[in-house]
Amino acid sequence: MIPAVGRSSRLVAFALVLVAGAGCASGGSENGGSSGGQNAERDGSGAEGGDAGSGSGGRGGAGGLAGTDGGGAPAGIGGGSRGGSGGTAGDGGVAGGAGTGGSAGSGGHAGTGGRAGAGGDAGGAGAKGSGGGGGTAAGGQGGAGAGGAFTCNLVIGNSTTQQWFDGGFLTHAGIDSTRWELFWVAHHYIDSWADPNDSGWSTALDMSHACAKDSTTPDRVIFIVTYSPPYPAETTYETDTTKIVNNIKTKYPGVKRVEIMTLVRSPGNVETACSSKANNEQSIPPAEDQAIAAVAANPTFAGLAFASPPFYVTSCSDFLTDEPQYTTAGATNIANVYGAYYAAHP
């Protein structure tokens with residue numbers, strides 16, 4: 001609707017609009033009332049009224065695009081096209097109440113709407129669509145953890161250790177054989193390993209299989225505690241094992257973790273579960289477990305020494321009769337027991 005302000009000038013303006021063509025009917029894209037044409041959809045529909053919100057946000061000044069002045073262009077004849085229906089010149093844009101849309105975070109550019117035009121005061125419209133409260137970047141703490149596998153894992157043990165290590169452990173799914181190596185000495189017990197000058201410490205690697213990197217400076221060492229029956233008191237186990245951990249620290253200064261482990265146990269750790277022979281070495285004496293726990297709890301080794309969990313044969317048939325050694329099939333079964341564990345704790 002054309003307001004009653006200077007009818008003759010309005011007729012002239014109307015004629016000019018007709019000559020300029022339908023494309024400029026919006027009141028000119030640069031003049032104050034221009035919002036009625038090109039920007040009519042931005043101000044009226046609110047889709048842009050807060051880039052953020054999907055919402056109806058910022059219906060930016062329903063009205064007000066008329067502005068009597070418009071920088072020389074006729075006061076928004078086209079303004080009636082979607083923006084400001086009804087505003088008397090300069091009156092329009094009754095603020096187009098801030099867009100409610102803008103659901104969380106995408107927006108922020110609210111309210112381009114309601115550009116009232118040079119003369120109109122209307123412009124309050126589209127006051128920052130409330131929705132666009134700038135997106136908060138979620139998940140900013142990514143990558144905090146993910147610790148990788150140890151570069152080189154050295155296992156030190158006895159003949160039964162060699163059986164499972166070479167019995168399928170290195171080929172178990174999830175085991176990176178380039179990060180594992182072993183040396184072992186048969187019938188060599190912790191009273192010998194406690195001596196830093198014992199020959200066991202200079203034993204060659206099993207099968208010449210070395211870690212691909214840092215072979216001489218492993219960052220994790222897994223030591224298998226063994227003692228020939230009759231078994232000693234807990235204090236003997238603890239004293240010898242403490243010395244062994246200190247030896248490892250000295251010989252491998254880059255070590256980050258020392259795991260203290262026992263031999264594999266009979267079902268339930270019952271001595272007679274698989275053999276009635278005395279001192280069959282198929283079970284672990286309580287004194288050994290207690291000593292390992294005490295060494296792991298020693299403040300001197302805080303963050304370095306840890307007691308490995310107990311491991312068990314899958315069945316008595318894994319053992320040779322009355323012996324701690326394994327059958328060929330048993331060695332494969334035990335290799336899978338350790339393989340599953342270390343695939344999950346690389």
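Which strands does helix 6 lie across, and at about what angle does helix 6 run to strand 5?

1. Helix 6 lies across strand 4 and strand 5, and its direction is at about 150° to strand 5. Axes are lines fitted to C-alpha atoms, for helices over the stretch in contact, with angles from 0 to 180 degrees between N-to-C directions. Helices (H or I, at least four residues) and strands (E, at least two) are DSSP runs numbered from the N terminus.

2. This is a predicted model, in which local features need pLDDT of at least 70 and side-chain atom pairs count only at pLDDT 80 or more, while totals for chains, interfaces and linings use all residues. Residues are numbered from 1 along each chain as its sequence is written, and side-chain values use heavy atoms, without hydrogens and water.

3. An open sheet is formed by 5 strands in the order 2-1-3-4-5, with parallel pairing; two strands pair if DSSP finds at least two bridges between them. Strand 2 and strand 5 (305-307) are at the edges with a single partner strand each, so one side of each has no neighbour in the sheet.

4. Strand 3 and strand 4 run parallel and are joined by 5 bridges. Ile222 has Glu259, in strand 4, as its bridge partner. Helix 5 packs on the sheet and touches strand 3, strand 4 and strand 5.

5. Ile260 is in contact (heavy atoms within 4.5 Å) with residues including Phe223, Val245, Ile292 and Phe306, leaving aside neighbours within four places in sequence.
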